Amino acid sequence: MTLTLYNTLTRRQEPFETVEPGKVKMYYCGVTVYDYCHLGHARACIVWDVVRRYLQFIGYEVRYIQNFTDIDDKILNRACVEHSSMEVVADRFIKAYFEDMARLGIKEADEYPRATHTMNGIQRLIHELENKGFAYPADGDVYYAVRKFSEYGKLSGRKLEDMQAGKSDRVNVEDPEYQKKKDPFDFALWKAAKPGEPAWESPWGAGRPGWHIECSAMVRDRLGDTIDIHAGGADLIFPHHENEIAQSEAVTGKPLASYWLHNGMVKVDGEKMSKSLGNFTTIRELLDRGVDPMAVRLFVLTAQYRTPIDFTDEAIAAATNGWHTIKEGLLFGYQYGKKLEWELEEGENSLIQNPSCAESAPKVRPKIQNSDVERFQESVNNDFNFPGGLTVLFELAKELRREGNILVHEGKTETSAEELHQQWQTLVTLAGVLGLEAEIETETHTSNGLSDAEIEAKIQHRQQARQAKNFAESDRIRDELQAQGITLIDSRDSTRWHRN
């Protein structure tokens, strides 16, 4: 079962071979830290988190680097509006990034380089480009001479002559930046300082780097001249990743990355996510509404990573239901393992005997190999086909749920305890590869808590209030239930609930 990946650069699926046997150097173009992360960021971060987990699962040693863009016009604009500074804004939203990703179960990267911390590498790369004739200074700016790089356009498939035909009517010839360029296609490597903006000293005068050069420098500084996987959203293929290739390869003469992988975009109810359309949703807004983070992960993984994905109420409701199924399977061992007299491995016993030890006990990750694991790998090895891998998880979870019901009602199972133990271990292991982990609940509710019937009655009352447009009463009931550990999930057709 050979892992094959669709390479944006070659436009075909290829066997995965690393520069150094057994090791993967992976770089993901991270976020520009001027606002809270949204659903598009959630998808990208989940996808590349799982890619990294899977590569480790099949035996690779992965060094995973993700950058923060902390120099950008959007950051400066926000700082101006808030009467703050670029550093303060960037630090605030980097902190918010880690908070949001922790809630989604995203493992931290090995390193998070920031553009402001890579200034020496950025200037060194620009200097080398200038010495090789690929860059030129112009009144404090430095530009990359695109036509000097004969392979420009090889990633995106764009040709300069085709782009030239459609660009002439969009160029503002009065723009001072345009007048500095030798060619309209040239792009900025270094920008001269403007009044009131932060700046760094350089051989070309005080200024700040362009966006594209930042990633080229960070990749080179942290991972070397050639890496195995360069990942990012499909919206970065042109011009960002195209320009990265032009910058890096012009200096080193080597491929920047062996494989270029790009995740598809997120739409909301069929439309592009946009603040102007009012369908822009941040990760924390979504999770604060009571959507389970694991349901968000499952929603993302049910689509092939390169295709667009449509976020709808129905889609997240389906993902929530799917997560409940997998969660039941994951909790099977904690609920029934002792009763089935399993011979437990290290880490399992303390959890099953005392679920409150969940935080301190080792994660259960037995190394197993069976037909279910082989089917999972066979699917995922086909260009990270996570939806195919999920099929195996659902089969295992549903079978464990069925056996649990039989055990509760008949006092015994149809399948042997040993086989059920292996099925549960397999499910826990494969779910862990996808970052799907169930919290062990010590109690479903207290003795004086609401019964299911009482909860349903309150939901019915809330529904009546909503139909009467009495939203204050509707919100009051929701908040009352939330305070008692009951989370409501609204969809167009119904309201689902679960105990926290």
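Predicted model: local features only at pLDDT ≥ 70, side-chain atom pairs only at ≥ 80, totals over all residues.
A salt bridge is a side-chain nitrogen of Lys or Arg within 4 Å of a carboxyl oxygen of Asp or Glu.

**Figure 1. Arg147 and Asp183 pair up across two loops.** The closest N and O atoms of Arg147 and Asp183 sit 2.6 Å apart, and the two residues form a salt bridge. Arg147 is in the loop between β6 (141–144) and α5 (160–167), while Asp183 is in the loop between α6 (176–180) and β7 (187–192), so this pair ties together parts that are 36 residues apart in sequence. Is each partner buried or exposed, or something in between? Arg147 counts as partly exposed, at 48% relative accessibility, whereas Asp183 is buried, with a relative accessible area of 14%. Side chains of opposite charge can pair like this when their charged atoms come close.

**Figure 2. Arg208 reaches Glu197 from a strand.** Here's another salt bridge, with 3.3 Å from N to O between the side chains of Arg208 and Glu197. Arg208 belongs to strand β8 (residues 207–209) and Glu197 to the loop between β7 and β8, so the pair links parts that are 11 residues apart in sequence. Arg208 is buried, with a relative accessible area of 6%, but Glu197 counts as partly exposed at 27% relative accessibility.

Figure 3. Glu395 and Arg375 meet through their side chains at 2.8 Å, N to O. Glu395 comes from helix α15 (residues 386–410) and Arg375 from helix α14 (residues 371–380), so this bridge ties together parts that are 20 residues apart in sequence. Glu395 counts as partly exposed, at 40% relative accessibility, and Arg375 counts as partly exposed too, at 33%. Now look for Asp35, Arg78, Glu82 and Arg92: salt bridges that share partners join these residues into one network.

**Figure 4. An open sheet of 4 strands.** In what order do the strands line up? The order is β4-β3-β9-β10, and the pairing is parallel. At the edges stand β4 (61–66) and β10 (257–263), each with a single partner strand, so one side of each has no neighbour in the sheet. On average, neighbouring strands are turned by 20° against each other, ignoring direction. Zoom in on strand β9 (residues 227–233) and you'll see that β9 pairs with β10 in the parallel sense over 6 bridges. Within that pairing, Gly232 stands opposite His262 in β10.

**Figure 5. Helices lying across the sheet.** Helix α1 lies across β3 (23–28), β4, β9 and β10, and runs at about 175° to β3. Helix α8 (residues 237–252) lies across β9 and β10, running at about 160° to β9.

**Figure 6. Trp48 and the nonpolar core.** How many residues does the largest nonpolar core have? It has 136, and the ones with the most contacts inside it are Trp48, Leu55, Tyr144, Ile229, Phe384, Leu393 and Leu436. Helix α1 (residues 39–57) supplies the largest share of this core, 11 residues. Leaving out residues up to four places away in sequence, Trp48 touches a whole list of others, including Met26, Tyr28, Tyr64, Leu261 and Tyr305. Apart from this core lies another one, of 8 residues, among them Ile455, Ile477, Leu481 and Ile486. In soluble globular proteins, nonpolar side chains tend to be buried together.

**Figure 7. Ala465 in helix α17.** You'll find Ala465 in helix α17 (residues 452–467). Ala465 is buried, with a relative accessible area of 6%. Which residues does Ala465 contact, leaving aside its neighbours within four places in sequence? They are Asn470, Glu473 and Ser474. For a sense of scale, the C-alpha atoms of Ala465 and Asp183 are separated by 63 Å, and these residues are 282 residues apart along the chain.

Figure 8. A search of the whole structure turns up 0 disulfides. Take Cys37: the nearest cysteine sulfur belongs to Cys45 and is 6.2 Å away, while a disulfide needs two cysteine sulfur atoms within 2.5 Å. Cys37 is buried, with a relative accessible area of 4%, whereas Cys80 counts as exposed, at 56% relative accessibility.

Technical notes
Residues numbered from 1 in each chain as written. Heavy atoms only, no water. Buried < 20%, exposed > 50% of the residue type's maximum accessible area, 1.4 Å probe, protein only. Contact = heavy atoms within 4.5 Å. Core = buried A, V, L, I, M, F, W, Y, C linked by side-chain atoms within 4.5 Å. Pairing = 2+ DSSP bridges. Axes fitted to C-alpha atoms, helices over the stretch in contact; angles between N-to-C directions.
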